[in-house]
Amino acid sequence: MPALTSHSIAELRALLDHRDVSAVEVARAHLDRIEALDDSTVNAMLTVTREHAEAQARAADARLAAGEAAPLLGVPMILKDVMITRGIRTTAGSKILENFRPIEDGTITRRLAEAGTVLLGKSNMDEFAMGSSTENSGFFPTRNPWDLERVPGGSSGGSAAAVGADFAPFALGTDTGGSIRQPAALCGVVGFKPTYGRVSRYGLIAFASSLDQIGPFTRTVEDCALVMNAIAGHDACDSTSLQAPVPDYRRALGSEPSLKGVRLALPREYFDVQGVEPGVEAAVKAAIAHLESLGAELGEVSLPHTKYGVATYYLVAPAECSANLARYDGVKYSLSIREPGASLWDVYERSRGEGFGREVKRRIILGTYALSSGYYDAYYLKAQKVRTLIKQDFDRVFEDFDAVVGPTSPNVAFPLGAKTQDPLAMYLNDLFTIPTSLAGLPGISVPAGLADGLPVGLQIIGKALDEAGVLRIAHAFEQSTQWHTERSPIATRALDTVER
Amino acid sequence: MGVPPGVHIFDSSKLMTTTAETRVQSADTTRYEAVIGLECHVQLATRSKMFCGCPTDYAGSPPNTHVCPICLGMPGVLPVINRAAVESTLMTGLAIHATIPAATKFDRKNYPYPDLVKGYQISQYDLPLVKGGWIEISVDNTTRRINLERVHLEEDTGKLTHAPGGSLVDFNRAGMPLMEMVSQPDLRSPAEARAYLQKLRAILRTLGVSGADMEKGQLRCDVNVSLRPVGEAKLGTKVEVKNLNSFRAVQRALEYEIVRQAAALDAGEKIPQETRGWVEDRGVTVSQRSKEEAHDYRYFPEPDLPPIFVEEAWLARLREQLPELPDARRARYMRDFGLGAYDAEALSTDQWAARLFEDTVGAGADAKKAANWIQNDVARLRDAASDGQVLEAGHLAELLKLVDDGVIGISVARQVLPTVYATGRAPRAIVEEQGLGQVSDTGALEQTVRSVLAANPAPVADYRAGKLTAINFLKGQVMKASRGKANPGVVEELLKQLLEQTGTQFSN
């Protein structure tokens, strides 16, 4: 029998419902694995919540014993440390929140708890979700389970690496410009950013409010659909959350891996462009050929404003973050450095100066500048206009197509430290994911091959609120390929060879 | 105040009497015209705060007891717009004849301060809920329209208390709905500024959107004031004055500023653009911040809140809910009750007085008498009374009827009113219980009159010698002896009768 930790949610469901295992056993198997492996391998976790997890697992077992059937009841999971958890330290990857314990749960944390999931812990991330490698964590970098000398991507690198290392069947991340899809691609797992507003942001520590969106990391598309069923839907506490009805995503997957009649757009700007690694390009082209073999109709299109995506993003997101991070001032819950005789401004400067890392400061400065009197029109306002143009690019394509496909990231996982001295090179990692975020569209990354033994992700972008369509295409691809069964060396490392 | 009707030039002769303790000795302010604009912050009387569910009844509560993660700006929280606050603002807009744009949004106003939990205030920048509008004011029988620039909605900040060794912050007020009403620089005197504020308060109270009590901080006001030579079209450099916590403070601060600026201009100095603070106990303004230190607030659209679309149907519904406003009420009082302009204005701008007036008249009292009583005796009692004491209109009407019927005289009525006010008991019962009914029975009064005449031989002699006004003194003595109960008419008749009986001697 395979290890409990290698199962998908769907498989665990069967085991739990048949009472072959208890939720406590499932939780302990994952906790044991995290505790045995994490520190010496990927460093995915910032906080492991064993006691809390065991209590939740016992409660899940009681609900199971009472005959309750619920899709995620007793299923363990990990949350990116940017989602607030009552009484459990929530750092957003920053020293400035090193000892912050929220007094309430966020909406999604609460919904998942009600669904019966078991929180194993909080995952590492780039500080305040700013980064593409998780090297900007205020604590330590996370490593890629496929190659410990390489980055897992970011900013949700901890969640991606955790799922890729079999620490949990699912984890949640957040995506502002690619922070779910890019690490999913680099860690060889499924990562989904829903439509902006589909999943409540209440309890998500804000980076860029008009872009941030919570979404799942899983090892299969079916699991992704199951998690989406639990987290999608309107929340009165988030005024930007959408009122639209939520379909049953799992049912929408369909049973046949057929894409007959599905029209897929291939943006010229996503192929044959400088900076895309040949291995990635080859894998993605092969994946697209496979999609065609499933019956999809392909068409080349143009998303002409793609080239402005990164520049636009690096005005809008920093502008919003410059305001969102203003509350960490050393006066309230955050790190506070107060020396005798220090003025208020001294406290602000010292606390923020020492609490924030370089990338966060860089973006606060960028954003503050972009919003400043005399520069607003030239930068922030112009960026918002370009954002509209980027959205219109997609609108035009969706008049004739059901989805857009292309690479998730221009490259596979790169070595630790390779891009830390070159912010622009780091930013270009998100070239293909940023436009989707700016347009607020749903986008998924699914494993689509290996290049030099490292995972490549295929990105599928859908119309606003058409998560079901995106998941169906991804599912058809996945079920007719073997890429999702490729496991990282850490995932395949059995626990008893390490510890016992 | 002595502002010449129709001319909006400041009257300096009145000025020096109210600005007692000033460094500025005097200045000839008649050479200048004051240009004044008011920026008012109105705390809305909603049940919950602007963006969270916290109750708004924090007055008198210990610090930081009416707070939640949202109004504390904790990481991860999001605001939700209070619909009642939006409606209160729209109602205010309708009441001041303003334009209500079809689309509006919230913006973030960025500045760091410990009383501002998020480091930004959710406010409105370029698309306020309400644009334009006007308020009519009457000063010295001249009625003028004062235009407004805009009315917008925002959240209040917390409150800092500076103590030795550090500062304390109370977030009970943080996130309270605050309506900012900005006038155009249409006001020309401190008296007009005060009238504007009073009319504004009347409108807000009539709408029920705010308690608008300046002492409680529900209505706060900053003023902008500049001077220019009379006849000059170009505006002078404006100075903003903050920290004005009463109508009196607004008026005094403006009076002070006008003299200060006039003196500076007379001395050939330039007025620097700055923010000054009013120091109540010294009666002066002091410089707080120059223009160079002004903030760049870096406004940008609040991404956590969707725009608000104000549909015509919504506005129509709110328009139907509009109560009768002070100006309409004033016109009605003049038309239907025959009140003069002064009485009508005073009553119509005071929600409490207006209600009492109408109810008292409704209970059968004469309108002019009721108006008179309410503005004098009742107003004095109300100023001195503690909260919760109410005067029933029926009781006031009854009191006036007792006077009309001759049961009691005016002086007894004045004597009885405080008891009615304090106890809530009916005047008739009090009059009967205390035996205050007016004595009109000549038989009963004659003995008293005779005693008074006996005790005052000199005035009696005066009267008889032809100095007829001496009767007034004697009448007063009789009234006093009867503790005000004697019917003055009957007393006078009796006095005349007895005094004219020549040769009659009075003895004790």
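Into which domains is chain A divided? In this predicted model, chain A consists of domain 1 (4-258) and domain 2 (307-373). The legends below describe close-up views of both chains.

**View 1. The two domains of chain A and the contact between them.** The C-alpha centres of domain 1 and domain 2 of chain A are 27 Å apart. Contact between these domains involves 20 residues of domain 1 of chain A and 17 residues of domain 2 of chain A. On the domain 1 side, the residues that touch domain 2 comprise nine nonpolar, eight polar and three charged residues.

**View 2. Helix H4 of chain A and its packing partners.** Helix H4 of chain A spans residues 107-114, and its buried residues are A:Thr107, A:Ile108, A:Thr109 and A:Leu112. After H4(A) comes A:Gly116, which has a positive phi, near 95°.

**View 3. The side of chain A that touches chain B.** Across this interface, 35 residues of chain A are in contact with 23 residues of chain B. Three helices of chain A, H10 (309-324), H11 (344-355) and H12 (358-371), each supply at least two residues of the side that touches chain B. Among the contributors to this side, H10(A) gives the most, with three residues. Classified by residue type, the side of chain A that touches chain B contains 20 nonpolar, nine polar and six charged residues.

**View 4. The domains of chain B.** Chain B is divided into domain 1 (13-313), domain 2 (324-433) and domain 3 (442-500). Taken over C-alpha atoms, the centres of domain 1 and domain 3 of chain B are separated by 61 Å.

**View 5. An open sheet of three strands in chain B.** The strand order is E4-E3-E15, and the pairing is antiparallel. Strand E4 (120-123) and strand E15 (300-301) of chain B are the edge strands, each pairing on one side only. Strands of a sheet pair through backbone hydrogen bonds, in either a parallel or an antiparallel manner. Strand E3 (residues 107-110) of chain B runs antiparallel to E4(B), and four bridges join the two. With regard to individual residues, B:Asn110 has B:Tyr120 in E4(B) as its bridge partner.

Definitions and conventions. Residues numbered from 1 in each chain as written. Chains lettered and ligands numbered in written order. Predicted model: local features only at pLDDT ≥ 70, side-chain atom pairs only at ≥ 80, totals over all residues. Buried ≥ 20, exposed ≤ 12 C-beta atoms within 10 Å, placed from the backbone. Contact = placed C-beta atoms within 7 Å. Nonpolar A, V, L, I, M, F, W, Y, C, P; charged D, E, K, R; others polar. Domains from an automatic or database assignment. Pairing = 2+ DSSP bridges.
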